[in-house]
Amino acid sequence: MGLSIKVKSVKPLEDMVLFVEFENGVNKKYDVKQLIPKFNIYEDLKYNNLFNQVHVDCGGYAVAWNGDIDISEYELWENGNQI
């Protein structure tokens, strides 16, 4: 695994997309919908406005919604689209 870049901030956007700012100043968009076919737990983000409750977790090593649903900084960095 390569260098880990911590998440500085995260904002929910339309259509289950996250705007992620990393500590090194890089910004990326990450489409959470791509995870639903692989991991059913992300399906819950479509309901009860849960998606908009995203926050930086674990000292910048993940973004999370609750105790069960999170995405690592590595996944966001490797598979997000730089903007």
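Exposed here means over 50% relative accessible area, buried means under 20%, and partly exposed is in between, with a 1.4 Å probe and protein chains only.

Some ground rules. This is a predicted model, in which local features need pLDDT of at least 70 and side-chain atom pairs count only at pLDDT 80 or more, while totals for chains, interfaces and linings use all residues. Residues are numbered from 1 along each chain as its sequence is written, and side-chain values use heavy atoms, with hydrogens and water left out.

Now the overall build. The chain has one helix and seven strands, in the order β-β-β-β-β-β-α-β from the N terminus. The radius of gyration is 12 Å, close to the 12 Å of the globule rule for 83 residues, so the chain is as compact as a globular protein of that length. That radius is taken over C-alpha atoms, and the rule is 2.2 Å times the number of residues to the power 0.38. Helices (H or I, at least four residues) and strands (E, at least two) are DSSP runs, numbered from the N terminus.

The C-alpha trace spans about 35 × 25 × 20 Å along its principal axes. Of the 83 residues, 36% are buried. Taking contacts between residues at least 6 apart in sequence, 47% join residues at least 24 apart; contact means heavy atoms within 4.5 Å. The accessible surface is about 5000 Å², with 46% of it belonging to carbon and sulfur atoms. That area comes from the Shrake-Rupley method with a 1.4 Å probe; for residues, only the protein chains shown count as cover.

On to charge. There are 8 positive and 13 negative side chains, and the centres of the two sets lie 6 Å apart. Lys and Arg count as positive, Asp and Glu as negative, and His and the chain ends are not counted. Each charge is placed at NZ of Lys, CZ of Arg, CG of Asp or CD of Glu.

How many salt bridges does a search of the whole structure find? The search gives four, a salt bridge being a side-chain nitrogen of Lys or Arg within 4 Å of a carboxyl oxygen of Asp or Glu.

Back to Lys8, which forms a salt bridge with Glu21, with the closest N and O atoms 3.8 Å apart. Glu21 is in strand S2 (residues 17-22) and Lys8 in strand S1 (residues 7-13), so the pair ties together parts that are 13 residues apart in sequence. Glu21 is partly exposed at 23% relative accessibility.

Next, Lys33 and Asp15 form a salt bridge at 3.2 Å between the closest N and O atoms. Lys33 lies in the loop between strand S3 (27-31) and strand S4 (55-57), and Asp15 in the loop between S1 and S2, so this pair ties together parts that are 18 residues apart in sequence. Asp15 is exposed at 55%, and Lys33 is partly exposed at 28%.

Another bridge joins Lys46 and Glu43, with the closest N and O atoms 2.9 Å apart. Lys46, at 45%, is partly exposed, as is Glu43 at 25%. Through shared partners, salt bridges join Asp15, Asp31 and Lys33 into one network.

Last, Asp70. This residue lies in strand S6 (residues 70-72) and is partly exposed, at 37%. Leaving aside neighbours within four places in sequence, Asp70 is in contact with Tyr42, Val63, Ala64 and Trp65. The C-alpha atoms of Asp70 and His55, 15 residues apart along the chain, are separated by 9.4 Å.
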